[in-house]
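Colleague: I'm new to this one and would like to learn how to read it. Could you walk me through a few features?

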Amino acid sequence: MSDKTVIGIDIGTTAIKAVLVTGAGTQLGHYVESYPTARPAPGIVEQEPDDWIRVAIQALAGFERDFDLGGLQAIGICSQANTHVFIDRNATPLAPAIVWQDLRCADIAAELDGQVGAESRIAWWGAPLPIDASHCLSRMEWMRRNRPDIWGRSRAVILPKDYCIARLTGEVAADAIASIGLVDGQLNYIKALLDLVPDAVQRLPPLRDFTHVVGRVLPGLPCAGTPVIVGTMDAWSGMFGVDVGKVGSAMYLSGTSDVLGIVSPKRVPTPGVAAFPTYQEITLHAAPIQSGGASLAWLSRLLGRSIDELCVLAAAMSGQERIPLFIPHLDGERAPLWDPFARGIFLGLDSSMGPAHLVRSVMEGVAYSAQWALETLERSADSSPSILNCGGGGFASDVWNQIRADVLGRTLRCVRSADAAATGAAAMALAGIGAAGSIADAASRIVQFEREFRPDPARRGYHEVRMALLKDSYAATQDISRRHVTSVL
């Protein structure tokens, strides 16, 4: 096989997914391997950075073993955002990575957030973006206060993709979009913000374009000598991986967390969503919800049944049963609430209900959270899309997809590949080697849609009632959840 090829790698929350793609857009191979997440104490969520690079190297070695990579042109990498690793001058991790779900910095985040006025937020970000427990600045200040030894030895604070790039190439760099909350509308670090934490600015890597070649794979590693592209965060990579980029287009990505997004040049400052800086004429308004696919994975562990078995249970129901209401705030909630103390609730349980009722409840609850996020997004983007392009492992279930379509009242178009973010990383690599005019052009060449789900108007009234109940239930229990969580942290 001498055709030009590229590799796309997504370093996700639970696993690495990688794809091998030709310059013409044909997917030749894919690789998936999981790694552990540690939760050593309430509110603490960590991963070992060496697990990321170990599995990434395994993926490259697997492609090298199974395919002729004589035409390999580049490797693109994306990753989970707001997961931070502190490294020394040799790119050695100084502590386990703090995962985006981690809440240890909630109090410090509130302190920092209180020092930023509303005018500054709009001037910097174009929206009232909060500084929360997952913000890089919160993690820096926490480390400075609580682990001064690590803080003093830190050369840089970087994301998983940037760590893997550093280990593959020996070079440290980042991109502006994945540095959300640290950069302004001109894609520059915000000095006035960084000055809130002494010496923070010295610990941030240089910013490069998505398609910039940061270095080449070092000798002795699989695919040695191959150029490596800077890449970006999984939400933007997934956006390309579901062929979203044109004005008015919209996406729904589902993995451990779910992310909804609308592309619109309009900016209506709206609390609860992230309005990214404009990049390559794309202005993405995004709303990540904390526990999307993670909610069903939690129920799978709880019931001791596989996710496939749970989906079979849900599909066997008539849709006329009484279903408990599930609020999927298992580890707090991000958009549009940004409440680290919110917690999951089943409302309306009775003794007649069994596992199938819980499965259906979880599926509906996640869809309601997505609808709440979408409502806020539409205000921010001043746009109401009728079609959402969808991708990610959370869209494997037809019954769940139909529930989502019914709740959102939109048509869902699902891509063929479950590896949307890895596909987007491959598109960035193709653009990086000049095989496509832009990332969006490369994505249009690669992405193929497989299934479509249209909303059932007969279910609209049912879901509207339950959506209102979910909002009321969250409001009624917000203070109780906060008191409960803080009592055990």
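Colleague: Let's start with R121: is R121 buried or exposed?

Modeller: Buried means under 20% relative accessible area, exposed over 50%, and partly exposed in between, with a 1.4 Å probe and protein chains only. R121 has a relative accessible area of 9%, so R121 is buried. This is a predicted model, where local features need pLDDT of at least 70 and side-chain atom pairs count only at pLDDT 80 or more, while totals for chains, interfaces and linings use all residues. Residues are numbered from 1 along each chain as its sequence is written, and side-chain values use heavy atoms, with hydrogens and water left out.

Colleague: What does R121 form a salt bridge with?

Modeller: Side chains of opposite charge can pair when their charged atoms come close. The rule here wants a side-chain nitrogen of Lys or Arg within 4 Å of a carboxyl oxygen of Asp or Glu. R121 pairs with D113, and their closest N and O atoms are 2.8 Å apart. D113 is partly exposed, at 22% relative accessible area.

Colleague: How many salt bridges does that rule give?

Modeller: The count comes to 26. Some join into a network, and one such network links E111, E141, R144 and R145.

Colleague: On to strands. Why is β5 described as largely enclosed?

Modeller: Seven of the eight residues of β5 (residues 72-79) are buried, so the rest of the structure largely encloses this strand. For pairing, DSSP has to find at least two bridges between two strands. β1 (residues 5-11) runs parallel to β5 over seven bridges, with I7 partnered by I75. β5 also pairs in the parallel sense with β12 (residues 227-229), over two bridges, and there G76 stands opposite I229.

Colleague: How do I read two packed helices?

Modeller: They are described by the angle between their axes and the distance between the axes. Axes are lines fitted to C-alpha atoms, for helices over the stretch in contact, and angles run from 0 to 180 degrees between N-to-C directions. Helix α10 (residues 307-315) and helix α11 (residues 355-381) pack at about 95°, with axes 8 Å apart. Contact means heavy atoms within 4.5 Å. α10 brings L310, C311, L313 and A314, and α11 brings P355, A356, V359, R360 and M363.

Colleague: Where is the cis peptide bond?

Modeller: It runs from A335 to P336, with omega near -5°. P336 is in the loop between β17 and β18.

How values were computed: Helix = DSSP H or I, 4+ residues; strand = E, 2+ residues; numbered from the N terminus.
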